[in-house]
Amino acid sequence: MGLNGCCSCVKFLMILINILFWIIGLTIVIASAWMLTDPTFVLSMTQSYNHYYIALYVFLGIGVLITVGAFFGCCGVLKESQCLLVSFFCVILIVMVAQIAAGAWAFHNKDKLDDIVRASVKYSVQEEYGQSSMSSRTVTFDTIQKNLKCCGADGPSDWATSRFNNVDRTNIVDIAISSMNVFYNIPESCCKDELKENVCEMSRKLKFGGTFNPAIHQQGCVDKLIELIYENWVLLFGVTAGVILLELLALTFSLSLCCAVRNHQYKA
């Protein structure tokens, strides 16, 4: 004979919560896989190439854990299994601790966000853009410049000392001297929309220290990226807090059911 009374209500709520966990877990897994395979994803520019992929694999791992935990939870409720309920409790507890730790780190370091994003974008412009070994970064930055209507990290002049213009970045003195009287090119993605191809081509050649052609975007991408992140900051923390609250409920219910199953077995 199975559990009844109040325990039946708890079982029903547990199943609903685990369905939500399945949805959340699968969403995280799909989003992580998409970001891993899509080189044009905007957030990849907000930190170094290696750190971005490490963060994505951690994010993917959390999604897999939530999905597996939801499976343990549903099976534990339906079979009234202490072992599966304890497994569910452990998995969700690990996920919740990881989320709280990540949230605390992000909140503590949010004031450093500007510096982190600026350094990453500047490095991509100066060192990575246009290099054959970093083709995905080139595609990503072109997408950012087109969609956010910006050019360079702080502005179009960033391209003057970029490897995109075959500048030798190993000698900063030579860069400073050689850049004073030369022309440099900027990427086609810096051109404003709906320009004729020949107009864009002519606008892409700039003189170091000269005025910018009105046919290209004047604002740098760093400020626009930071603005985009801050616009979604509250939403991100709100969703995370909601998921943690759901996890706390799930931990409480699973512990209650585990105790109820044990007591029921003793009485039997």
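Trainee: Numbering the bonded cysteines in sequence order, what is the pairing?

Mentor: The pairing is 1-6, 2-3, 4-5. This is a predicted model: local features need pLDDT of at least 70, side-chain atom pairs count only at pLDDT 80 or more, and totals for chains, interfaces and linings use all residues. Residues are numbered from 1 along each chain as its sequence is written, and side-chain values use heavy atoms, with hydrogens and water left out.

Trainee: Why is the link between C150 and C221 called a disulfide?

Mentor: A disulfide is a pair of cysteine sulfur atoms within 2.5 Å. The sulfur atoms of C150 and C221 are 2.1 Å apart, so the pair qualifies. By this rule there are 3 disulfides.

Trainee: What makes the disulfide of C150 and C221 right-handed?

Mentor: Its S-S torsion is about 95 degrees, so the disulfide is right-handed.

Trainee: Which parts does the pair C150 and C221 tie together?

Mentor: C150 lies in the loop between helix 5 and helix 6, and C221 in helix 8 (residues 221–231). Those parts are 71 residues apart in sequence. Helices here are DSSP runs of H or I, at least four residues, and strands are E runs of at least two, numbered from the N terminus.

Trainee: Why is the contact between K149 and D193 called a salt bridge?

Mentor: A salt bridge needs a side-chain nitrogen of Lys or Arg within 4 Å of a carboxyl oxygen of Asp or Glu. In K149 and D193 the closest N and O atoms are 2.7 Å apart, so the pair passes. The structure holds 8 salt bridges.

Trainee: Is R204 buried or exposed, and how do you know?

Mentor: Buried means under 20% relative accessible area, exposed over 50%, partly exposed in between (1.4 Å probe, protein chains only). R204 has 15%, so R204 is buried. Its side chain meets that of E201 in a salt bridge, 3.3 Å from N to O.

Trainee: What makes E201 partly exposed?

Mentor: E201 is at 49% relative accessibility, so E201 counts as partly exposed.
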